[in-house]
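User: Please take me through this structure in questions and answers, with the cut-offs stated as we go.

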Amino acid sequence: MAISKMLLVTAGLVMAGGLAQAESKLADTSDKRIALSNNYAGNSWRQAMLQTWEDVAGQAVADGVVAAADAYTTSENQATEQAAQIQNMILQGYDAIVLNAASPTALNGAVKEACDAGLTVVSFDGIVTEPCAWRIAVDFAAMGKEEVDYLASRLPEGGNLLEIRGLAGVFVDDEISKGIHAGVDEHDQFTIVGSVHGDWAQDVAQKAVAGILPSLPEIVGVVTQGGDGYGAAQAFKAAGRDTPLIVLGNRQDELQWWAEQRDANGYETLSLSIAPGVASLAFWVAQQVLAGAQVPKDLTVPFLKITQDTLDEALASTPEGSVANVTYALEDAQQVIADAK
Amino acid sequence: MTPLARPWLWSWLAAAAAFSLTLGLTSGRGASELAYAALSFGAFAAIVGLGQMLVITLGPGNVDLSIPATMTLAATLALKGMSSDPGTAFMGLAIALAVGVGAGAANYALIFLLRLPPIIATLAASLIYQSLAIWSNRGLRIKPPEGLADFATGRVLGLPNVAWVGLLLAVAVWVVLERSIWGRWLLATGQNLRVARLAGVPVERVRATTYVAVAVFASLAGYLLASFSGGAALNMGQEYLLMSIAVVVIGGTSIAGGNSNVPGVWGAALFMFLVVSMLNSYGAGAGVRNVLTGAIIISIVIAASTRRART
């Protein structure tokens with residue numbers, strides 16, 4: 001224990017030294033302008049993401065770290081519209097574009113144009129495959145697998161699971177589902193007896209679950225993708241069934257419901273999702289690239305996990321009706337970059 | 001007119017078939033659960049469908065594409081106004097309905113004053129309504145007051161309360177269409193606008209009230225849906241755009257206008273819920289489900305329309 005702690009401290013010191021050294025070589029970015037190109041704003045997660053951007057990037061502008069950090073959102077969530085938006089940003093003379101993309105491939109042409117024009121492109125959440133861009137990705141498959149691992153630790157005897165998927169045809173939905181199925185293959189005491197698409201929306205999930213429940217046997221656990229757990233709980237309640245173990249997705253109404261259940265009957269579960277604050281991480285990564293830091297093209301951001309122990313804390317810090325969030329600072333970005341090297 | 005020639009029959013037959021096929025899987029277990037869920041969720045589709053039916057009845061080119069945004073805006077403002085305080089349910093309802101009247105009047109103003117085609121006018125207006133909803137509350141989900149949530153998820157005489165609201169509205173719309181002068185005016189306008197105008201029907205007044213009516217129906221559906229599902233979300237109306245048109249068409253209302261069908265809307269609303277439940281229960285993937293849903297809708301519409309043509 002003591003040795004490992006000492007090792008950690010040493011590693012930390014070495015890293016801090018490395019960082020300080022790296023920082024001294026970094027260029028000034030106070031005349032650089034960064035734009036956020038965002039494809040969608042129509043849910044609470046995206047709203048929290050835009051809010052975080054406004055807070056963090058706005059503060060950075062006020063502090064003189066960068067000259068501008070403007071956010072732009074397309075109205076129709078179309079790749080063509082976003083490609084035109086990126087072309088506008090090139091013409092407007094931005095130095096970097098932070099991108100949450102409508103499609104992993106359809107924007108590659110526009111992203112390439114931006115790179116050729118000398119812009120730095122950092123994609124996050126909805127990433128692009130164009131090699132010249134940076135990618136801040138979440139290991140969604142690991143997130144799906146972690147859900148099943150957790151269920152296995154809580155329900156060692158296994159049973160029937162209901163899977164709630166996201167929006168059909170979206171990369172993230174496929175990845176999380178892949179992880180969940182990999183988890184079920186590993187823990188073969190579980191069987192997925194039903195699968196519905198909840199579109200990451202409570203009301204859609206509620207409707208889909210209510211429709212499939214009558215034909216399902218007893219369910220011991222529900223694996224979800226975020227934004228659908230509360231709706232699932234409502235559907236189980238309306239059908240007069242016992243509430244199974246529902247893995248939640250960090251929405252405030254889900255956490256609130258969890259706390260109520262815990263106080264009433266000791267309900268225990270796990271909540272995990274990608275934090276909307278990843279936009280602030282992308283902002284700092286873009287700033288670091290502009291400053292001339294060596295940044296690997298592929299970065300991984302951990303997902304935000306809330307457990308029984310951290311529930312009250314998370315609930316207290318999440319605005320009512322929003323999503324649990326973490327804001328990343330420059331040091332966090334440097335840490336993520338260092339981890340990827 | 002043989003019973004098979006009644007266009008509304010097909011949506012009910014399809015709903016019944018989907019219902020029994022789902023239960024075939026469980027050998028009859030869960031029948032009442034499934035029926036209850038279908039009535040609950042079908043009610044929202046039926047309410048917006050009734051509104052869309054009135055607009056489509058106005059004749060070719062008339063459709064309201066702002067339904068999802070109107071639902072979202074009405075629900076967002078109503079829930080924000082109530083801010084979960086007990087005893088504010090009626091105030092929230094008033095806010096929602098006022099949003100509906102405002103949105104409907106604005107839609108019609110665009111259509112009448114700027115001479116925009118309804119598709120363009122309502123689509124453009126919906127961007128404004130959606131933006132207002134985002135701007136007013138930034139996507140935060142506010143819980144409905146407890147009493148209202150209990151009402152929206154509760155039941156009377158074994159039927160969900162939201163289904164009662166949908167049924168009462170359906171009866172009201174049916175009476176208005178079949179028994180009132182306004183209903184006759186609406187059908188006449190839809191059958192031939194020019195003839196109706198020459199015959200002395202106040203065509204523009206009919207169109208104005210219809211566009212207000214559809215928006216009020218949408219806002220009521222939004223208010224109920226948000227109360228039912230524990231809060232308004234910015235994407236809550238999304239699936240009701242195609243849904244509202246689908247239930248009208250499947251329900252046997254003529255897409256060319258001038259011919260409404262109230263019972264068909266309810267049958268189609270139940271069917272749209274049951275067909276997804278059925279395919280989910282059989283474990284169909286998203287791709288198969290979408291293809292089959294599309295194919296089934298097309299065949300119902302063909303069946304309903306060829307029968308009608310033969311009579």
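Analyst: Helices (H or I, at least four residues) and strands (E, at least two) are DSSP runs numbered from the N terminus. This is a predicted model, in which local features need pLDDT of at least 70 and side-chain atom pairs count only at pLDDT 80 or more, while totals for chains, interfaces and linings use all residues. Residues are numbered from 1 along each chain as its sequence is written, chains are lettered from A and ligands numbered from 1 in the order in which they are written, and side-chain values use heavy atoms, with hydrogens and water left out.

User: How many of the residues of helix 7 of chain A are buried?

Analyst: Helix 7 spans 202–212 and supplies at least two residues of the lining of the second largest pocket. The helix is mostly covered, and the buried count is 11 of its 11 residues.

User: Which residues lie nearest the centre of the second largest pocket?

Analyst: A pocket is an open set of points on a 1 Å grid over the protein atoms alone, with protein on both sides within 12 Å along at least five of seven lines, and lining residues have an atom within 4 Å of a point. Helices of chain A and chain B contribute to this lining, among them helix 8 (229–238) of chain A and helix 6 (146–153) of chain B. Of the 34 lining residues, those nearest the centre are Tyr230(A), Gln234(A), Lys237(A), Asp150(B) and Thr153(B).

User: Which residue forms a disulfide with Cys115(A)?

Analyst: A disulfide is a pair of cysteine sulfur atoms within 2.5 Å, and the search of the whole structure finds 1 over all chains. Cys115(A) lies in helix 4 (residues 108–116) of chain A, and its partner, 17 residues apart, lies in the loop between strand 4 (120–124) and strand 5 (134–137). With sulfur atoms 2.0 Å apart, the partner is Cys132(A).

User: In what order do the 6 strands of the open sheet of chain A run?

Analyst: Two strands pair if DSSP finds at least two bridges between them, and strand 4 and strand 5 of chain A pair in the parallel sense over 3 bridges. The edge strands, each pairing on one side only, are strand 2 (68–73) and strand 11 (298–300) of chain A. The pairing in the sheet is parallel, and the order is 2-1-3-4-5-11.

Notes. On a 1 Å grid over the protein atoms alone, a cavity is a set of points where a 1.4 Å probe fits but cannot get out, and a pocket is an open set with protein on both sides within 12 Å along at least five of seven lines; lining residues have an atom within 4 Å of a point. Buried means under 20% relative accessible area, exposed over 50%, partly exposed in between (1.4 Å probe, protein chains only).
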